[in-house]
Amino acid sequence: MNELKVNELTKTYGEKTLFDHISFHIHNKDRIGLIGTNGTGKTSLLNILAGKDSGDGDVSAIQQPNDYQIGYLSQDQVFDPDLTVVEAVFQGETPIIQAVKNYELALLALANDGLNDAVQKQYAQAEERMNKEDAWTADTDAKIILQKLGIETLHKKMGELSGGQKKRVSLAQVLIESPDLLLLDEPTNHLDYEAINWLESFLNGYRGAILMVTHDRYFLDRVTNRIFELSFGKLFEYKGNYEAYIIAKAERERVGVEQEEKRKQLYKQELEWMRAGVKARGTKQQARQDRFHDLKENLHQVNQKGQLEIDMATQRLGKKVLEIKEGNYQIEQKTILKEFDLLIQARDRVGITGKNGAGKSTLLNILAGRLSLDSGAYSIGETVHLAYYTQQNEAMDPNQRMISYLQEAAEQVQRSDGTNIGVAELLERFLFPRFMHGTIIGKLSGGEKRRLYLLKLLIGQPNVLLLDEPTNDLDIDTLTILEDYIQTFKGAVIAVSHDRYFLDKTMDKLLVFQGEGQITTYFGSMSEYLATSKEESKKIVKIDTKAAKEVEKKEKKKLTYMEQKEWATIEIDIGSLEERTAQLTEEMNHQGDDFTKLQELQAELSSLEQTLEEKMERWEYLSEFADN
């Protein structure tokens, strides 16, 4: 059975213990969400499992079959800038992946120089190899993945792509290779909501195991069947999705606090006994003395995070905050804003979402005064004190200590009730324990630096917040603090995000960028907008698909070579799918109260039923030309 085992894994960085003898198994079909505060070692664990790093001591801490394949989507994937997209995507060493790569390269060459005899010969050889390796299905799957992730320019050099485009190429690469275990570090970063929806469906039907780090709580809830939480060097396992984890964790922490209180009481009693100087303390009392020392060592073993709230006063805002009138903006001949009007008032909560590359971050830069409109008017209210949380941190001195970095902004901050709070206490409330306050910035993880940067902006006590993809590098605990802060914040907030949970919880108005200057305004939550858009899309797709099929039927006379191959096996495929759906239905009828198993079976059944419906539609279409 294909599974990966981790036994007593330990990892330290200087004085910090990331993993203290943690153990777990990853089974086939596991969908595991790995969560924890920034700096607890999530990415480090992925690096170790992927073989890019190692634990301390015993190299046999990780065990896996010899033929076990692991695919890794890292945060900092590096590509040769001279590789084309197709070369970067198909880097796997399996014969099928190599066949698909050669075929796609041959197709590009044929499109550029179709009359060249050498190019034609190269294409014929590539097609022959595709037939030999039976790689046509893999090629089709690869093209679907590329299309769904918005990767269309296969001939471009990697050096020409943006950071977001490179991340999507990285994701396509690991999905196409289809390994036994997918390690995914923030897979939803740089994806729009349509791509995220598709990725959810793809991962639910994935044949292997998945271990992923993600801040997207809806994504966690819909994909995972296990949760691993890293906290203070320990790994805690939970069955079920994110919602089940929240319930189970609350119960674990409640029990932990109760046990801690009982230990304190027992320790107090034992301390009184030890100090009493009982003369009869002979060998018979040695066990009690040992228990006292054990209690002393185990006291305060329940590690709890800082308070998940932050309260700071906000400077008063006037009625007018930010306003754009008839704004126009183009970049590289692409329209971003076209006769665009926007009025931001105090207490507004505006989420900016939509297609990648449509200009969402550009609008924030205009609002922040970093870019100027081509035409139109932009004005800022006199009382506005603006803070802009960008996708990149400001320059940080790696040798500067955390607390002094914050003290540059303020020594203390006024609360909303008029009292003051010091920088050290704010650090603790932002999940930086007191022992970390003297740590130099160069020793922080990327996520910890992002958290520190955000806190410095908030310490400035702004009354207008501009947030550019705030969920990309922040952990769930920090996001919870930020979301709660936004809900009580007395100023205006404008945020660019694709995170549906964040938008649902914090925003009541959306600007949805469609591209080429088309911006839809929607009053309501992100989930409501997506539900409305889905229903409208279904109507349009039905009309367009029906019309396209009618045109194709009139022009088409017979099946192509590939369609003939598909027709020869399609009835067998349909029979197999029908048999499996019947088996799944029967299994579900005998699961009783095992809700986790029922959830897994239902997800597989839904995926199979969709595939079966598509196959039946395909059979109906092919049958019209099969006898011609």
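Start by selecting Arg222, which is partly exposed, with a relative accessible area of 41%. Here, buried means under 20% relative accessible area, exposed over 50%, and partly exposed in between (1.4 Å probe, protein chains only). Residues are numbered from 1 along each chain as its sequence is written. The model is predicted, so local features need pLDDT of at least 70 and side-chain atom pairs pLDDT 80 or more, while totals for chains, interfaces and linings use all residues, and side-chain values use heavy atoms, without hydrogens and water.

A salt bridge is a side-chain nitrogen of Lys or Arg within 4 Å of a carboxyl oxygen of Asp or Glu. The pair links distant parts of the chain: Glu200 lies in helix α7 (residues 193-204) and Arg222 in helix α8 (residues 217-223), 22 residues apart. Helices (H or I, at least four residues) and strands (E, at least two) are DSSP runs, numbered from the N terminus. Glu200 is buried, at 7% relative accessibility.

Next, select Glu428 and Arg434. Their side chains form a salt bridge at 2.5 Å, N to O. Glu428 is partly exposed at 27%, whereas Arg434 is exposed at 52%. Now bring up Glu200, Asp216, Arg222 and Arg500 together: salt bridges that share partners join them into one network.

Move to Lys11 and Asp53. A salt bridge joins their side chains (3.5 Å, N to O). Lys11 sits in strand β1 (residues 3-13), Asp53 in the loop between α1 (42-49) and β4 (62-63), 42 residues apart. Lys11 is buried at 9%; Asp53 is partly exposed at 25%.

How many salt bridges are there by this rule? The count comes to 25.
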